[in-house]
Amino acid sequence: MQINLFTNKIKWSKIIGNYLLNYLKIYNYIYNFMDIVEISPNKSYEMLQNNKNAILIDVRTSEEFSAYGIADLNSIGKEPLLLPWRTLPEMSIDGSFFTKLTNDLQNKNLDLELGKIELIFICAGGVRSREAATLLSEQENYKCYNITEGFEGDQNKSWKAENLPWRKL
């Protein structure tokens with residue numbers, strides 16, 4: 001039996017190369033999320049109450065808005081932006097998300113100086129909102145926050161579980 005050392009070297013270099021590539025992907029994943037601050041629903045509501053330039057952006061699907069309701073910010077004189085990040089049935093990213101968000105932000109009475117606007121993202125359980133917040137923080141200079149447990153994710157820590165105001169759409 002002959003062993004081809006050249007073939008084995010190629011196999012090992014591919015294994016090591018794949019290992020390093022995966023390591024870099026994980027590092028990049030963690031590093032990119034470092035700019036996103038994870039907050040609780042109660043903390044987000046406090047921020048929305050106390051900062052004129054804090055905006056709640058709900059990135060769930062339109063179907064989820066209808067089925068499960070939305071955050072009710074009327075008592076603090078605000079409305080959440082309802083901007084689906086992914087759309088059914090494929091759950092593909094909405095390519096016009098950033099354009100819609102930019103237009104909606106320009107229509108609000110905000111101090112548009114970069115760094116003064118706090119964008120608070122929410123979805124059902126905190127995953128899609130983190131995706132949207134991460135990509136936005138890479139493209140713009142906003143302070144981005146993610147509501148970790150989402151609108152209805154963890155039954156003990158979500159927006160609804162913390163008895164924050166919400167209403168049917």
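Predicted model: local features only at pLDDT ≥ 70, side-chain atom pairs only at ≥ 80, totals over all residues.

Guide: Residues are numbered from 1 along each chain as its sequence is written, and side-chain values use heavy atoms, with hydrogens and water left out.

Visitor: What is the omega of the peptide bond from Leu88 to Pro89?

Guide: Most peptide bonds are trans. The bond from Leu88 to Pro89 is cis. Pro89 sits in the loop between strands E5 (86-87) and E6 (92-93), where strands are DSSP runs of E with at least two residues, numbered from the N terminus. The omega is near 5°.

Visitor: Is Met91 buried or exposed, or in between?

Guide: Met91 lies in the loop between E5 and E6 and has a positive phi of about 60° without being a glycine. Buried means under 20% relative accessible area and exposed over 50%, with partly exposed in between (1.4 Å probe, protein chains only). At 26%, Met91 is therefore partly exposed.

Visitor: Which phi value does Asn163 have?

Guide: Most residues other than glycine have a negative phi. Asn163, in the loop between strand E8 (143-147) and strand E9 (166-167), is exposed at 69% relative accessibility. Its phi is positive, near 55°.

Visitor: How many disulfides does a search of the whole structure find?

Guide: Cys123 is buried at 2% relative accessibility, and Cys144 is buried with a relative accessible area of 2%. A disulfide is a pair of cysteine sulfur atoms within 2.5 Å. The number of disulfides found in the whole structure is 0.

Notes: Helix = DSSP H or I, 4+ residues; strand = E, 2+ residues; numbered from the N terminus.
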